Amino acid sequence: MSINIEIYLKRADKIYTEGENLTGVISLSTNSDFKHEGISLTMEGSVNLQISSKNVGILEAFYNSVKPIQLLGIACEVCGPGKLPSGVTEIPFEIPLKPKPNRILYETYHGVYVNIGYTIKCDIKRSFLSKDLQKTQQFLVQYKPGYNACPQLPLKDKKTPLNFELSPATLTSGRSGAPNFLLRGHVESVCCNIAKPLKGKIILVKCAVPVKSIELQLVRVETCGCAEGYAKEATEIQNIQIGDGDVPHNIPIPIYMVFPRLFTCPTLITTNFKLGIFYLKNIIHTYFKNHELVFVDLCFVYYQYLI
């Protein structure tokens, strides 16, 4: 005797917002009659924090006491003890997506040190001598358009365009080995809608050596901590090439970067963690010092993504 459990959500993209109902069906397929002691559903959501190993000594108290932050927890019985007939049985369900008291359903986010995830789980209880069965399905939570979960950063702030200029004198690293160059650029806003691409342009005014490529790197900063202190870590999200080969001088190169939805999120500041402070690195690969590859990192602005 075997049984197969599947959870099918009504929405193919599995994206929901707070206050909506999570609807779907539990599909149970068995090749013979199946006796059980009850079928239940559990919907959970939590924030999991992890400190980098290099910060353990600094924040040992937080590292030893860190626990998941529970945002959502709803359990219900969908079927009492009984017997399932041979074949496929479908049990529909509908559960309201409501957070625990004094909690907010943050957007789904998969980072290195911070993870926000939501799941719905089906449990089938069996007799004492048989093993219980379980199936878990993930779903995504996003904010409603115009919703701001971070009141510390009003949506109306920093909507102005930004012009920047980069040269060896403005580099934060690699200044000593950098060739003489001048790069000017423009981005439409330092406060962006996460659902829309980042747009702008870059102009290579001059460079003393041939350029191999120009790339943009999106970096996220995750902060975890408590009253004893905070640990901040920056990790790369994506890298796109906007110029290939020795690009012509004084020609605008467009910037068009789509944010990877699972690995970026609207700016969020809470007591134990901070998310959504991002910045761009401009990387120029050049042929320099007998055709060795030289990396020039140009950090120029922090971006805050808000819906």
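A salt bridge here is a side-chain nitrogen of Lys or Arg within 4 Å of a carboxyl oxygen of Asp or Glu. The model on screen is a predicted one, and by this rule it holds 5 salt bridges.

Select Glu-222 and Arg-220 to begin, a pair whose closest N and O atoms are 3.8 Å apart. Glu-222 is buried at 1% relative accessibility, and Arg-220 is likewise counted as buried, at 7%.

Next, select Glu-107 together with Arg-261, which form a salt bridge with their closest N and O atoms 2.9 Å apart. Because Glu-107 sits in the loop between β8 (87-96) and β9 (109-110), while Arg-261 sits in the loop between β18 and β19 (268-269), this pair ties together parts that are 154 residues apart in sequence. Glu-107 is buried, with a relative accessible area of 2%, whereas Arg-261 is partly exposed at 23%.

Then move to Arg-11 and Glu-20, whose salt bridge has its closest N and O atoms 2.8 Å apart. Arg-11 is partly exposed at 34% relative accessibility, and Glu-20 is also partly exposed, with a relative accessible area of 24%.

Finally, colour the open sheet, in which 4 strands run in the order β12-β13-β15-β18 with antiparallel pairing. Strands β12 (162-166) and β18 (252-257) stand at the edges with a single partner strand each, so one side of each has no neighbour in the sheet. From one strand to the next, the twist averages 20 degrees.

Conventions:
Residues are numbered from 1 along each chain as its sequence is written. This is a predicted model: local features need pLDDT of at least 70, side-chain atom pairs count only at pLDDT 80 or more; totals for chains, interfaces and linings use all residues. Side-chain values use heavy atoms; hydrogens and water are left out. Two strands pair if DSSP finds at least two bridges between them. Helices (H or I, at least four residues) and strands (E, at least two) are DSSP runs, numbered from the N terminus. Axes are lines fitted to C-alpha atoms, for helices over the stretch in contact, and angles run from 0 to 180 degrees between N-to-C directions. Buried means under 20% relative accessible area, exposed over 50%, partly exposed in between (1.4 Å probe, protein chains only).
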